[in-house]
Amino acid sequence: MKSACKWLLATVVMAAAPGIALASDVVFVNQSSWDIHEVYLSPASQSTWGEDFLGDDILAHGDELTITDVEEGKWDVKVVDEDGDECVIEDVYLNSDDKWVIKDKDLLACQAAS
């Protein structure tokens, strides 16, 4: 869906405009037992994925990934673990107030569904 590991923050002009969702930093935390090798985002209303936010990096257990300039709202998140298993979690509400944590139950739920 969308990506680039570092995006620009919203401008002050956008902050003053009514009705425009502000962009912010979103922190993803890997609390699963598996290393995460790929992370993708897509607005919930779209059906395509952009580039991988991790690139050549790995998000090991306990590691965090900060993605900047993400508009607050519903997103689909796709992660690929160390075994190559893909997991898509739909309609995740992302905002700057929360850390989004991926846990074993999330990845196992994807495996059970496939």
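A cavity is a set of points, on a 1 Å grid over the protein atoms alone, where a 1.4 Å probe fits but cannot get out; its lining residues have an atom within 4 Å of a point. Grid points are joined across faces, edges and corners, and a volume is the space filled by probe spheres set on the points. The model is predicted, so that local features need pLDDT of at least 70 and side-chain atom pairs count only at pLDDT 80 or more, while totals for chains, interfaces and linings use all residues. Residues are numbered from 1 along each chain as its sequence is written, and side-chain values use heavy atoms, leaving out hydrogens and water.

**Cavity**
- There is one cavity of 30 Å³ or more, and the largest cavity has a volume of about 50 Å³.
- Its lining consists of F28, V29, N30, I36, V39, L59, V79, W100 and I102.
- Eight lining residues are nonpolar (Ala, Val, Leu, Ile, Met, Phe, Trp, Tyr, Cys or Pro), one is polar and none is charged (Asp, Glu, Lys or Arg); polar covers the others, Gly among them.
- β1 (23–30) gives the most to this lining, with three residues; strands are DSSP runs of E, at least two residues, and helices runs of H or I, at least four, numbered from the N terminus.

**Nonpolar core**
- A nonpolar core joins buried (under 20% relative accessible area, 1.4 Å probe, protein chains only) Ala, Val, Leu, Ile, Met, Phe, Trp, Tyr and Cys residues through side-chain atoms within 4.5 Å.
- The largest has 23 residues, of which F28, L41, L65, V79, L94 and W100 touch the most other members.
- β5 gives the most to this core, with four residues.

Technical notes. On a 1 Å grid over the protein atoms alone, a cavity is a set of points where a 1.4 Å probe fits but cannot get out, and a pocket is an open set with protein on both sides within 12 Å along at least five of seven lines; lining residues have an atom within 4 Å of a point. Buried means under 20% relative accessible area, exposed over 50%, partly exposed in between (1.4 Å probe, protein chains only).
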